[in-house]
Amino acid sequence: MSDWSAVPRTGRTDIIVRRGRARTAPAALAMAALTAATATACAFQLRDLGPLPPRYSGPPLPADTVVSEMTAVLAAEGITVQREPSAVLGRCSERLSGRHAPQTVEAAVKAAVARARSEHGWQDGPDTAGEKLTLTKGNWTVMAGFAAEVPAGGQAPVIISLTCVDGEATPTAPTAPSAPALAPAST
């Protein structure tokens, strides 16, 4: 490459170099203008708006409160359920399960959901497909389901799943005992 000076220059090579520069300069200006326009247009949309709002309003509800409310509204409609604590640590979820007469299970579950709305302030939850009813209150979402088809002579299962939005709520699973503190060995 150091031998370029040894190459005889002709008028043709000067024209080719000038044409290359003539194409490069406007392209660089166009890219700079496009970059500036993009930065200006996106600056408004990329400004810091602060932290996101909480996913629920009000103080977080403890699991015992939510379970007792749902158990009460189901019992008022004749559905007896038992609490099945979650075995998953770090995630707050509960499950209520029971059985009811298949002829009236649908009406009883829908009446219990209506009672939870009117007496305890629960709101309609996200719409789900199928035979599930959902409610929300504070940091909890409740999903109520029942079996539509039950064998003759059997009871219809009723399952109520309660899930906490904030995973830091009080879990119902037993916690492991803490390890004893180790004292430094004396020397």
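This is a predicted model: local features need pLDDT of at least 70, side-chain atom pairs count only at pLDDT 80 or more; totals for chains, interfaces and linings use all residues.
I started with Glu69, which sits in helix α2, a stretch covering residues 63–76.

Is Glu69 buried or exposed? I looked up its relative accessibility and got 14%. Buried means under 20%, so Glu69 counts as buried. Next I checked who touches Glu69, skipping residues up to four places away in sequence, and found His120, Trp122 and Lys137.

Then I moved to Val113, in helix α3 (residues 105–120). Val113 is buried too, with a relative accessible area of 5%. Setting aside neighbours within four places in sequence, I have Val113 in contact with Leu133, Leu135 and Ala144.

Those contacts sent me to the strands. Which residue stands opposite Leu133? I found Ala144, in β5. Strand β4 (residues 132–137) pairs with β5 in the antiparallel sense, over 6 bridges. I see a hairpin here, with 2 residues between β4 and β5. Gly138 is in the turn and has a positive phi of about 60 degrees.

On β5's other pairing, I noted strand β6 (residues 156–164), antiparallel to β5 over 7 bridges. Gly145 stands opposite Ile159 in β6.

Last entry: why do I call β5 largely enclosed by the rest of the structure? Because 5 of the 7 residues in this strand (residues 140–146) are buried.

Definitions and conventions:
Residues are numbered from 1 along each chain as its sequence is written. Side-chain values use heavy atoms; hydrogens and water are left out. Helices (H or I, at least four residues) and strands (E, at least two) are DSSP runs, numbered from the N terminus. Buried means under 20% relative accessible area, exposed over 50%, partly exposed in between (1.4 Å probe, protein chains only). Contact means heavy atoms within 4.5 Å. Two strands pair if DSSP finds at least two bridges between them.
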